[in-house]
Structures are given as structure tokens and as C-alpha cells.
Amino acid sequence: MAIEQITVKTKAELAVELDKKTDEIIVEGDFSRNISEIKKGQLNDTDELGFAVGSGGTGILLEYGISKLMDVFDPKAKEDKKLCKQIERLYTIKRLTKE
């Protein structure tokens, strides 16, 4: 089974590919800056697992609660919040170039 790789340049194209759960999405253009902001808040798999084990599982519940509370006070549009959550949960973000 081949990995599907798509390149997007707009938020609308990204939303379509996220809904399709495309294997790899390459983001180009101005929107890539927004993706780099999401990357800053994303833990790698080792860190996330260490947090979950180290806290005895309660850290995950605490993180979920804090995340929901932050969503209430976040001034972003509902569609932007949805995109960010999908990206954070489903994808690992890697920088391919400086841009």
C-alpha cells in the first residue's frame, strides 16, 4: 500500500485533506507559518509517552481538561480550532525547508 502525499497551499485545501485523512500533507506558502506555531506545542512520541507513564495516566486527563478550558477562551475562529486539533492529534509535523 503506497503512502499518499499531497501538497497544499491554502487553508481550504488543507481542510479537505485533513477530512480525507491523507497520509502525508506538505504545506507550502504563507499558511506554513501557522503550522510551525502548532509544531511548537506538539510533543514527540517519546516525550508524550514519558509524560503519560510518569504521571500514572492522570496527566493525560489533566492535559485534556486544560486544553478544553483554553479552547473556551481562545479567540480563534471555530474552523481554525478544528484544523489545529486535527493536525495536533493526527499528524507529526516535520520541517522540510526553512520556508
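Start with the whole chain and its contacts (heavy atoms within 4.5 Å). Of those with a separation of 6 or more, 44% join residues 24 or more positions apart. This is a predicted model: local features need pLDDT of at least 70, side-chain atom pairs count only at pLDDT 80 or more, and totals for chains, interfaces and linings use all residues. Residues are numbered from 1 along each chain as its sequence is written, and side-chain values use heavy atoms, without hydrogens and water.

Colour by secondary structure next. You will find five helices and two strands, as DSSP runs numbered from the N terminus (helices H or I, at least four residues; strands E, at least two). From the N terminus, their order is β-α-β-α-α-α-α.

Now select Val8, Leu14, Ala15, Leu18, Phe31, Ile35, Ile38, Leu83, Cys84, Ile87, Tyr91 and Ile93. These twelve residues form the largest nonpolar core, a set of buried Ala, Val, Leu, Ile, Met, Phe, Trp, Tyr and Cys joined through side-chain atoms within 4.5 Å. Buried means under 20% relative accessible area (1.4 Å probe, protein chains only). H1 (11–20), H2 (31–40) and H5 (78–90) each supply at least two residues of this core.

Keep H1 and H5 on screen. They pack at about 50°, axes 11 Å apart, with axes fitted to C-alpha atoms over the stretch in contact and angles running from 0 to 180 degrees between N-to-C directions. Show side chains at the contact: Lys11, Leu14, Ala15, Leu18 and Asp19 of H1 meet Glu79, Asp80, Lys82, Leu83, Gln86 and Ile87 of H5.

Key:
Buried < 20%, exposed > 50% of the residue type's maximum accessible area, 1.4 Å probe, protein only.
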